[in-house]
Amino acid sequence: MNTPLPNLVFWDSRVQLKPKSFLIEERILKTYRQMIPGEHTAGSVIPQPKEVQNGEGVFHLQNSCAILAGQELSEEAEFLSRQLADRFGLKLPIREISGHSPGRGNIVMERTKSLEDCGYESYILQVDIDGIQLEAPQPAGIFYGIQTLLQLIQAGEGQIFLPALEITDWPTLQMRGVHIDLKAQMPTFEYLKGILQRLAEYKINTVLIEYEDKFPYQSHPKIVSPLALSWEQIKELNDLARLLHIEIIPLLQSLGHVEYILSHSEYAHLREVPNDFSQYCPLNPESQRLFKELAAEIIELHPDIQFFHIGGDEADSLGQCPRCQAKAREIGKGGLYVEYINEICRFILNQGKRPVLWHDMLARNPEVVDHLVHDAVIMDWDYYSRDDEPFKIQIYDKGGGQIITKENLSEVSEKVRSVFEPYWKCEGYPDRFNLFGYTRFFKDRGFDVIAAPSVRVDGDSGYSPTFEFHLPNIRSFIEVAARYGALGVVATSWAVRRTPWETLWLGIAWTAGHAWSPEITDRQGFERKFLQQFYGAEDQTGIIEAKYLLSKLVATAIYRTPYNEQGHYWGWEPCYRSSAELKETGNFEKALKVGYEMVEQSERALAMLESAEPRVKRNRLSLQFYQWAARMVYHKSRLLIAWGLIDQARKEKAQQLLQSLLDEILVLRDQMGRLFGQIMVPEEVEREQMLRFEGEQEEIKRLLSYLYRNPPHPDEAE
Ligand SMILES: [Zn+2]
């Protein structure tokens with residue numbers, strides 16, 4: 001079979017096989033057990049399997065082993081064989097199981113009826129000194145058994161083996177998904193396929209793909225970006241997803257967030273507000289016609305999908321054109337919304353797919369919820385609520401999400417409060433809230449719900465995600481989703497936030513781990529597993545520490561520097577802010593202090609990452625992105641210091657520093673080009689370089705020319 005697996009190999013730890021050695025395997029197993037004290041030998045698997053029994057001894061994988069499988073499991077057998085070759089250099093033949101006993105020393109994969117109650121993704125994996133037996137009711141279960149098996153393999157010093165054990169495993173949540181947003185940072189096709197392959201390692205079975213202008217629409221070529229995927233590539237993506245047991249949910253916005261369409265003059269007549277590109281007029285029949293034409297093309301290329309996401313969020317201009325105003329007076333903005341969305345939903349249902357929509361417009365207009373087409377699936381997005389800070393929740397009253405606490409509770413409209421307050425109430429309310437009330441509300445109204453926390457969103461820097469708020473948000477949202485019978489979870493990942501994908505994996509693995517087994521909550525234990533599974537690293541807590549240091553560090557910069565007060569914090573590019581603003585806010589002194597602190601901490605983070613690098617066995621690219629982040633924070637922090645120095649009239653020092661920053665930009669730009677070029681198409685690499693350095697370059701030049709002219713303050717120099 002010609003498998004469409006990507007050519008990117010994320011492993012670099014192939015082993016030269018040597019004769020079996022009891023001493024070596026004991027030593028490796030011992031270190032392995034010490035790493036995860038008090039746990040069984042499957043303790044390092046992500047997601048954590050449901051039931052594990054330790055056995056005695058180990059099973060050695062060698063080229064004399066074979067993979068034995070029934071005809072209907074040939075793709076899975078092929079997948080395992082290819083993975084063993086790529087990761088460990090093993091070449092195991094595949095043989096079809098015949099009527100006879102499969103014999104010892106092999107990997108045997110078979111369908112079974114015994115686990116059918118645990119769902120189509122369940123499996124039993126038995127390893128003993130004589131061989132490996134993998135059984136599952138469906139090929140998906142076999143595939144997940146293979147992923148577990150691959151994670152259990154220990155390799156080193158010429159030995160490749162697995163500990164003896166028996167695992168019985170099944171997922172808690174049926175849908176375990178991640179959002180791939182192609183709006184910005186367009187990945188290379190090989191890298192995109194590599195993302196899917198690595199998601200499957202953690203048993204992610206759904207990707208929500210937001211194509212925007214990256215889909216090759218034939219009926220409307222004007223809106224297609226030159227960076228769009230081709231028809232052939234999308235077909236290849238479908239084949240890969242099927243092989244990896246991943247279901248694609250395409251997302252096509254049906255009302256708001258259609259700037260990529262309405263910014264073209266050909267489509268200007270569809271705008272709700274003439275000078276605003278963001279939203280269609282729902283009463284213009286051509287809006288629906290356009291959506292349907294685009295959706296039909298997506299469905300044609302994705303014939304096997306079950307779900308189709310129609311967006312429908314943040315339609316803030318609703319009811320503004322004269323026709324919509326009149327209609328809204330009659331049936332309300334909520335009525336306007338639900339009539340339009342129902343028509344869209346019915347179209348998707350007629351294509352044999354289930355429509356999915358974001359929940360916020362319904363949360364703002366709860367009076368129309370009972371009028372929504374019942375087969376629609378609600379995707380409840382909440383990126384900030386978390387059970388370690390139960391004094392706040394995210395709600396949708398005016399515009400997109402707002403955070404409410406006891407203090408601003410009175411600002412919530414009566415319409416929203418009267419419906420949702422019962423869902424917020426708990427013991428201690430309003431000092432604390434019952435979280436994720438929308439999931440419970442929509443379940444009560446009889447809808448299927450998908451929980452959508454976030455791994456990359458507004459509030460993250462452009463360098464690394466702020467795990468401090470993502471991880472508790474993801475964990476507590478999944479816990480509620482599992483408890484109230486949600487369909488599943490899709491972790492959103494907004495590319496416009498510009499945090500590179502390679503820095504997201506801790507959050508993604510955390511999402512996958514909880515969606516499969518929500519009852520596992522030990523964060524430190526999880527981080528140790530992640531180090532082992534993702535980086536192939538042992539004893540490298542430095543990496544995680546550096547990650548937290550960085551995510552905290554940049555968050556600190558965002559929230560504590562004056563630039564943020566202007567609301568431009570998401571990219572954290574302090575260099576765009578003018579020193580006049582700095583002067584107004586009186587924060588030169590603060591800039592200096594924060595700058596020195598950040599210099600020290602980013603140097604520390606970089607040192608930790610650099611010392612970990614030689615011991616990392618796989619996914620080194622991710623580590624390199626963290627190193628890049630540390631270098632960038634180090635660089636940007638020194639610009640803060642330069643401002644502080646100018647304020648203190650330490651002219652010469654400031655000049656020296658600014659000049660060296662200017663020189664450094666050339667080096668950083670070049671390094672960044674090579675690193676980003678491994679994951680993004682060249683046009684996006686250039687855009688990233690421009691966004692991150694051009695404003696800064698101008699600012700430095702301006703400051704330098706002021707310093708050489710020597711007046712007392714840059715603002716007075718102009
Ligand atoms: Zn209108």
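Helices and strands here are DSSP runs, numbered from the N terminus. With that in mind, Pro430 lies in the loop between α10 and α11. The model on screen is predicted.

**Stop 1**

Select Tyr429 and Pro430. A cis peptide bond joins Tyr429 and Pro430, with omega about 5 degrees. Helix α10 covers residues 414-424 and helix α11 covers residues 437-444. Their axes are 9 Å apart, and the helices pack at an angle of about 110 degrees. Angles of 65 to 115 degrees count as roughly perpendicular, and α10 and α11 are therefore roughly perpendicular to each other. Show the side chains at the contact. From α10, pick Val419, Phe420 and Tyr423. From α11, pick Gly437, Tyr438, Arg440, Phe441 and Asp444. By class, the residues of this contact of α10 with α11 are five nonpolar, one polar and two charged.

**Stop 2: the zinc ion**

Go to the zinc ion. Which residues are its protein donors? They are Glu272 (OE), Cys281 (SG), Cys321 (SG) and Cys324 (SG). These donors lie 2.1 to 2.3 Å from the zinc ion. The angles among the four donor atoms run from 99 to 115 degrees, and the site is tetrahedral. For reference, the ideal angle for four tetrahedral donors is 109.5 degrees. Along the sequence, the donor residues follow the spacing E-x8-C-x39-C-x2-C.

**Stop 3: α7 against α8**

Select residues 285-301 for helix α7 and residues 322-350 for helix α8. The two axes come within 11 Å and cross at roughly 30 degrees. That makes α7 roughly parallel to α8, since angles under 35 degrees count that way. The crossing of α7 past α8 is right-handed. Now display the contact. On the α7 side are Ser287, Gln288, Phe291, Lys292, Ala295 and Ile299. On the α8 side are Tyr340, Glu343, Ile344, Phe347 and Ile348. The contact of α7 with α8 comprises seven nonpolar, two polar and two charged residues.

**Stop 4: α4 against α5**

Next, select helix α4 (residues 189-201) and helix α5 (residues 231-243). How far apart are the axes, and at what angle do they cross? The axes come within 10 Å and cross at roughly 20 degrees. α4 and α5 are therefore roughly parallel to each other. Their crossing is right-handed. For the contact, show Phe189, Leu192, Lys193 and Leu196 of α4. Six nonpolar, one polar and two charged residues make up the contact of α4 with α5.

**Stop 5: Glu212**

Step to the loop between β10 (206-210) and α5, where Glu212 is found. Check the backbone here. Glu212 is not a glycine, yet its phi is positive, at about 50 degrees.

**Stop 6: Pro47**

Finish with Ile46 and Pro47. Is the peptide bond from Ile46 to Pro47 cis or trans? The bond is cis, with omega near -10 degrees. Pro47 sits in the loop between α1 (22-35) and β1 (51-60).

Technical notes. Residues are numbered from 1 along each chain as its sequence is written. This is a predicted model: local features need pLDDT of at least 70, side-chain atom pairs count only at pLDDT 80 or more; totals for chains, interfaces and linings use all residues. Side-chain values use heavy atoms; hydrogens and water are left out. Axes are lines fitted to C-alpha atoms, for helices over the stretch in contact, and angles run from 0 to 180 degrees between N-to-C directions. Helices (H or I, at least four residues) and strands (E, at least two) are DSSP runs, numbered from the N terminus. Angles under 35 degrees count as roughly parallel, over 145 as roughly antiparallel, 65 to 115 as roughly perpendicular and the rest as oblique. A crossing is left-handed if the near helix is turned anticlockwise from the far one by less than a right angle, and right-handed if clockwise. Contact means heavy atoms within 4.5 Å. Ala, Val, Leu, Ile, Met, Phe, Trp, Tyr, Cys and Pro count as nonpolar, Asp, Glu, Lys and Arg as charged, and the others, Gly among them, as polar. Donors are N, O and S atoms within 2.8 Å of the metal (3.2 Å for Na, K and Ca); water is not among the atoms, so sites may look incomplete. Four donors count as tetrahedral if all angles lie between 85 and 135 degrees; four count as square planar and six as octahedral if opposite donors are over 155 degrees apart and all others between 65 and 115; anything else is irregular.
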